[in-house]
Amino acid sequence: MPAAKKPGNAKPKKFNGEVYYPAEDVLARANLRDWEKTARRADKDFVGFWEQEATQLEWFKPWKKTLDDGKAPFYKWFVGGKLNIVHNCIERHLETPRKNKLALIWESEDGKQDRSFSFHALNREVSRMASIIHALGVKKGDRVTIYMGRIPEIIFAMLACAKIGAVHSVVFGGFSVPALRGRVQDSESKLVITCDGGYQNGKLIELKRITDEAVAQCPGVENVLVVRRTGHAVPFQPGRDHWYHEMLESPVAKDRFPTQPMDAEDPLFILYTSGSTGRPKAILHTHGGYMVGTYTTLKYVFDIKDEDRYWCAADPGWITGHSYIVYGPLLNGATSFLYEGGPTFPNPGRWWQLIERYGITILYTAPTAVRGLMRFGEDWPEQYDLSSLRLLGSVGEPINPEAWRWYYRVIGKGKTPIMDTWWQTETGMFMITPTPVVPLKPGSGTRPFFGQRAEILDETGKPVKDGDEGYLVLTRPWPSMLRTIYGDAELYKRQYWSKYPGKYMTGDSARRDEDGYYWIIGRVDDVINVSGHRLGTAEIESALITHPAVAESAAIGLPHEVKGQAVHCFVLLKPEHSASEQLAEELRQHVATVIGGIARPEEVAFVDKLPKTRSGKIMRRVLKARAQGLPEGDLSTLED
Ligand code: WT7
């Protein structure tokens with residue numbers, strides 16, 4: 001008998017450094033075993049690669065042109081195609097045995113409630129929500145702001161918008177009044193969908209009250225739809241406010257509702273993210289390309305199978321949640337788990353308990369959560385049976401090797417590869433990422449996804465030597481790329497495509513090693529990455545300046561053990577005010593009130609002067625170096 005052919009890559013290449021090669025059983029069960037072959041094929045013809053993926057989904061009308069780059073950087077994908085992403089997330093599965101499979105499992109923070117929905121049931125819930133928002137006057141192209149906690153209805157709301165062709169704009173439930181108001185105004189939303197409240201670490205978050213305050217200055221908002229979660233008393237404005245549970249009982253609610261055929265390039269959602277310039281920007285994604293990108297990446301990277309129970313522990317309010325809680329899993333017909341609470345409440349064993357209870361096979365979370373849980377030691381995870389896990393994921397910031405090893409050894413028991421996925425709100429999908437068959441190095445996202453190319457450039461646009469740090473750029477269009485910044489096409493061009501014409505500027509710095517592996521270093525623009533969330537220094541500074549004592553300020557990010565980076569502020573007071581610990585605390589609270597808890601500065605320091613360039617720009621890099629006792633670098637542009 002001939003010797004059984006080994007699965008996987010025929011001749012495993014030897015990689016340098018600390019390397020974790022995929023085990024035989026991982027290789028044997030992987031949906032896609034030969035990474036090199038697929039990568040070569042996709043690299044040769046990336047348009048063909050995406051085309052082939054797209055044909056696995058259902059289109060009402062086939063596209064005429066896969067990629068139109070005639071008006072770059074305003075790329076178009078699947079031009080002329082008609083589809084609806086929701087048809088592919090839900091209806092497509094109703095014709096298959098997946099109809100009765102669980103699409104969604106949910107558990108409340110207090111553990112007293114759980115709810116689950118088959119694809120059949122999900123179709124009913126989304127149809128009901130769609131019929132209700134349609135009855136509230138929402139039409140194709142209208143924007144709808146969604147401001148809710150982590151409950152199934154946030155997913156229904158997003159899908160209901162997409163089903164009728166409305167554009168959702170989800171605002172993370174941790175943002176405060178001014179942040180919500182700004183986003184509702186900028187998107188010109190007609191409808192806001194919220195909850196009476198939500199729970200966070202046992203505390204009530206008054207989402208409806210915050211919505212009321214925000215919407216009071218948004219004349220464009222005609223209706224507010226309120227999902228009951230907590231049952232506490234909330235003010236109600238007759239005519240404008242509607243209880244969702246009451247509308248469900250009314251004749252407008254329909255168990256079946258038509259899905260609007262959309263052009264591939266019609267907008268699906270906008271999502272605000274922080275950049276180096278002023279206010280958060282509305283990143284726009286479309287039905288066709290975003291669908292193909294999220295479907296394909298989740299399928300290959302998390303190796304989705306029908307028997308999986310997949311848990312992405314992010315919040316639906318961020319891009320991770322959009323792509324890999326809502327759309328990606330449903331497009332793949334996966335069973336996905338949604339948990340209302342956070343990792344350490346009521347105790348640091350809560351997540352491990354949930355993995356055991358629901359038999360989670362894939363866990364996708366952020367380095368900050370891993371580090372946060374690591375602090376509590378191994379006793380917590382050891383109390384639970386985590387043997388169902390077969391894959392782990394990481395996203396949001398570089399994962400430090402120590403956290404990687406802990407995650408791998410203590411949670412994955414040394415048998416679950418870790419998918420360190422580098423991507424952005426703008427990219428919509430994983431861009432630099434392993435798949436389970438790729439040898440891993442702790443802290444590296446390995447190589448670009450199929451069909452992608454990444455370069456590391458110096459200031460002049462020349463590729464740097466392997467091992468050297470430079471600007472990370474992407475050189476090929478991909479289907480789920482942002483199409484524009486909603487309402488500011490010029491800024492889209494300037495922000496992403498002007499530094500190196502024809503190349504997408506990520507805003508990150510990185511280096512590539514001798515094996516072609518990419519190592520992300522961090523943001524090179526004025527963005528602070530706190531627990532995997534982006535905050536602009538300009539946003540924090542403009543929040544501070546609205547406090548009567550502040551004359552001028554500078555915000556920087558400094559390393560933090562759990563959060564990755566934390567916000568540190570330098571404040572110059574107006575003459576009539578003097579520095580005190582009390583004022584510092586007041587300013588920290590002020591930032592949290594204006595933006596949200598995630599932006600609360602770790603520290604506020606009072607200074608008499610801020611380092612500036614001769615043209616008056618604050619040199620945050622100098623502040624950063626000083627605060628860490630590092631060399632201050634080139635000071636030739638410093639004012640004095
Ligand atoms: C920025 C994008 C995309 C999901 C969450 C954040 C950083 C993201 C990684 C990773 C190193 C990462 C980058 C990027 N980042 N994932 N695996 N390794 N850095 O989305 O808010 O748009 O932030 O997060 O700096 O530019 P986002």
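**Reading a predicted model**

A: Leaving aside residues up to four places away in sequence, G557 touches I528, Q565, A566 and K624. Please bear in mind that this is a predicted model.

Q: In which strand does G557 lie, and is G557 buried or exposed?

A: G557 belongs to strand β28, which covers residues 550-560. Burial is judged by relative accessible area, with buried meaning under 20%. G557 counts as buried because its relative accessibility is 4%.

Q: How is a pair of aromatic rings described?

A: A pair of aromatic rings is described by two quantities, the distance of the centres and the angle of the planes. The structure holds 45 aromatic pairs. In one of them, the rings of Y300 and F449 have centres 6.5 Å apart and planes at 35°, so the pair is tilted.

Q: Which parts does the pair of Y300 and F449 tie together?

A: Y300 lies in helix α10 (residues 287-301), whereas F449 lies in the loop between β20 (418-420) and β21 (454-457), so the pair ties together parts that are 149 residues apart in sequence. Both Y300 and F449 are buried.

Q: What kind of aromatic pair do W423 and F430 form?

A: W423 and F430 form an edge-to-face pair, with 5.8 Å from centre to centre and 80° between the planes. W423 counts as buried at 9% relative accessibility, and F430 counts as buried at 0%.

Q: Which residues form one aromatic cluster?

A: One aromatic cluster is formed by F74, Y75, W478, Y492, Y496, W497 and Y504.

Q: How many residues surround the ligand, and which are the closest?

A: The ligand is surrounded by 18 residues, of which the closest are D420, T421, T425, R523 and R534.

Q: Which atoms of G396, Q424 and R523 lie by the ligand?

A: For G396, a backbone N or O atom lies 3.0 Å from a nitrogen atom of the ligand. For Q424, a polar side-chain atom lies 2.9 Å from an oxygen atom of the ligand. For R523, an N or O atom in the side chain is 2.8 Å from an oxygen atom of the ligand.

Q: How much of the ligand does the protein bury?

A: The ligand taken alone exposes 550 Å², and the protein buries 95% of that. The elements that give two or more residues to the shell around the ligand are α11 (319-331) and β25 (518-523).

Terms used: Residues numbered from 1 in each chain as written. Predicted model: local features only at pLDDT ≥ 70, side-chain atom pairs only at ≥ 80, totals over all residues. Heavy atoms only, no water. Near = heavy atom within 4 Å. Polar contact = N/O pair within 3.5 Å; in protein donor to acceptor, adjacent residues only side chain to side chain. Areas by Shrake-Rupley, 256 points an atom, 1.4 Å probe, with all protein chains shown as cover. Helix = DSSP H or I, 4+ residues; strand = E, 2+ residues; numbered from the N terminus. Buried < 20%, exposed > 50% of the residue type's maximum accessible area, 1.4 Å probe, protein only. Contact = heavy atoms within 4.5 Å. Phe/Tyr/Trp six-rings, centres within 6.5 Å; stacked < 30°, edge-to-face > 60°.
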